[in-house]
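Have the sequence and the 3D view open as you read.

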Amino acid sequence: SEVSFEEENQKHPAVGHWKPLMPSQGNKEELETGCQDAGGVGESQSTEQLNVSRLRSSSVEIREKGSEFLKDELHKAQKELKLKDKECERLSKVREQLEQELEELTASLFEEAHKMVREANTKQAVAEKQLREARGKIDMLQAEVTALKTLVITSTPSSPNRELHPQLQSPSKGGFRKGHGRNKSTSSAMVSAASQNVASEPVSRECREVDSILFAEFQAWKESPTLDKSCSFLDRIYQEDIGPCLDFTKQELSERVRVAVEQNTLTIEPVASQALPVGKVAAEECGGPKKCALSGLPRTCKHRIMLGDSGNYYYISPSCRARITAVCNFFTYIRYIQQGLVRQDVELMYWEVTRLRREMSLAKLGFYPSEM
């Protein structure tokens, strides 16, 4: 019956107001302790949650800052990489340019070395040729100096030594010899020809009178002899004698002849004694055995001239040859005076210069010996 009662109570619980029972002292302490334990657990859980949220927020901030820092570092690295790429490209271009310049410099150095070798060989050949020519000229000039010293010591233009020069015994053979003893314009035959003319046309000293102005100019030149045409002595002779005497129809060739005579590089050769060369210039400029290259007129040309070592020969008429020879004789004599080879009185040298000027004047007017 009790069991059934309990089952009925469970099925149909009693409804009504229940009064709370006052807990005992022990129960009250237990309740407070339970509440405290429940509150401590809640506070600890909230603290842990707060710490977790703080950790999460700090980790988020760290991640954000770390990502920003990494982005900045990446950006800087990219910039540095670009700069390094540009620097590498610039250095590669500089290297290529240097390599190209080095190749060009090497090629130019080799070319310059070959050029210097060629020039050295050419200069050596020219120097050897000039040395041979100079030795020949030295031997020839030594012979001329010896003959001239003997002639000056034993003979003067006013009183030539006929025993030393037997060719002076025949006045009819005076003038220039047929053919030159040497081909250069400084022919030693000038002195003998001058003596022949003096012998064939004797002039007494009483009939001559020294021009004071001309003599003063010659004395001033004799103090310091030079071939510079700016001095008053040679300037007068150039204007009055040399210039008109070498003034031919062919002006350009005339100027070249004058320069060759001044530089002592003119060669005169008889045509009959030499084979006809192959000239480097046009035939009409060189003339021919029947045409004079200086005057351009049809004349029988027995001689030809060469200017320096050009290898070009120009045929000249007897009149042109006489004019050129007269100027060459004048330059030869004043060169002897300049070199100190003429040891005569100043007045005698002056009269010899005057005689040579007269020869240039006569040749300029067309007078020349028949043997030419």
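Residues are numbered from 1 along each chain as its sequence is written, and side-chain values use heavy atoms, with hydrogens and water left out.

The protein averages a pLDDT of 77, and 69% of the residues score at least 70; pLDDT is the predictor's confidence in each residue, from 0 to 100. Helix 5 (residues 232-245) has the highest confidence, at 94, while helix 3 (residues 189-200) has the lowest, at a mean of 43. Helices (H or I, at least four residues) and strands (E, at least two) are DSSP runs, numbered from the N terminus. Contact here means heavy atoms within 4.5 Å. Where pLDDT is low, the predicted coordinates should not be read in detail.

Two strands pair if DSSP finds at least two bridges between them. Strand 2 (residues 303-307) is joined to strand 3 by 4 bridges, and R304 has Y315 in strand 3 as its bridge partner.

**Helix against helix**

Axes are lines fitted to C-alpha atoms, for helices over the stretch in contact, and angles run from 0 to 180 degrees between N-to-C directions.

| Helix pair | Angle | Axes |
|---|---|---|
| Helix 8 and helix 9 | about 165° | 8 Å apart |
| Helix 5 and helix 9 | about 30° | 8 Å apart |
| Helix 6 and helix 8 | roughly 25° | within 10 Å |

Helix 8 and helix 9 are therefore roughly antiparallel (over 145 degrees), while angles under 35 degrees count as roughly parallel. Their crossing is left-handed, meaning that the near helix is turned anticlockwise from the far one by less than a right angle, and clockwise for right-handed. Among the residues that meet are F330 and Y333 in helix 8 and L356 and M360 in helix 9. The contact of helix 8 with helix 9 has 11 nonpolar, 1 polar and 4 charged residues. Here Ala, Val, Leu, Ile, Met, Phe, Trp, Tyr, Cys and Pro count as nonpolar, Asp, Glu, Lys and Arg as charged, and the others, Gly among them, as polar.

Helix 5 and helix 9 come out roughly parallel. Their contact includes F233 and R236 of helix 5 and V353 and R357 of helix 9, and it has 8 nonpolar, 1 polar and 5 charged residues.

Helix 6 is likewise roughly parallel to helix 8, with a right-handed crossing. V257, V261 and E262 of helix 6 make the contact with I324, V327, C328, F331 and R335 of helix 8. By class, these residues divide into 6 nonpolar, no polar and 2 charged.

Terms used. Predicted model: local features only at pLDDT ≥ 70, side-chain atom pairs only at ≥ 80, totals over all residues. Parallel < 35°, antiparallel > 145°, perpendicular 65-115°, else oblique.
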